[in-house]
Amino acid sequence: PICRLVGYNLKRAVLVIGADLARTLEPYELRMLTYTALTLVSDNPGLSQSQLADAMQVERPNLVVIVDELETRGLITRDRVPTDRRTYALQITDEGAELLAEATRAVGEHENQMMGGLTKAEEAALISTLKRIETSLTGRS
């Protein structure tokens, strides 16, 4: 039966987790993609748009929409790099950092609730197992 397949169970878990995460981010008017982009810009000041696209594994034209949204909301700035006028350096604004901190607290609560039924050892084993599955299918570590 299908309910015994690992992929089927992973997909069901991902759907439930994704829906709950979307509800968690909604009050901040963020989606998983915009939250991820904001986090990466915060963690890597001066990141270029192409570096952000690579890190998120998103096509560059699709990333422009995400960056435009964050910039329009005043959460990031996009400044030309003086040594390469074709490249923009992305920076988080104070408002963006504040919103990110609030959203990250909420995401942390979401994670705690999601993992609440697992011991720390089980959580570590789950993460390790998921990484091994990813590596076995992509050849990357």
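## A charge over a ring

In this predicted model, the charged end of Arg-78 lies over the ring of Tyr-88, at 5.9 Å from the ring's centre.

## The nonpolar core

The largest nonpolar core has 25 residues. Among these residues, Leu-30, Leu-52 and Leu-63 touch the most other members. At least two core residues come from each of five helices: H1 (6-25), H2 (32-43), H3 (49-56), H4 (60-72) and H5 (94-115). The helix that gives the most is H5, with 5 residues.

What does Leu-30 contact, leaving aside its neighbours within four places in sequence? Its contacts are Leu-25, Tyr-35, Leu-70, Arg-73, Leu-99 and Ala-103.

## Helix H2

Helix H2 has 12 residues, and at 1.5 Å a residue these should span 16 Å.

Which residues of H2 are buried? They are Thr-34, Tyr-35, Ala-37, Leu-38 and Val-41. Viewed down the axis of H2, these buried residues fall within an arc of 165°, which means that they line one face of the helix. Tyr-35, one of the buried residues of H2, is also among the contacts of Leu-30.

The buried residues of H2 pack against the helices H1, H3, H4 and H5. They also pack against two strands, E2 (76-81) and E3 (84-92).

Key. Residues numbered from 1 in each chain as written. Predicted model: local features only at pLDDT ≥ 70, side-chain atom pairs only at ≥ 80, totals over all residues. Heavy atoms only, no water. Core = buried A, V, L, I, M, F, W, Y, C linked by side-chain atoms within 4.5 Å. Buried < 20%, exposed > 50% of the residue type's maximum accessible area, 1.4 Å probe, protein only. Helix = DSSP H or I, 4+ residues; strand = E, 2+ residues; numbered from the N terminus. Contact = heavy atoms within 4.5 Å. Lys NZ or Arg CZ within 6 Å of the ring centre and 35° of its normal. Expected span 1.5 Å × (residues − 1). Arc of directions from axis to C-beta.
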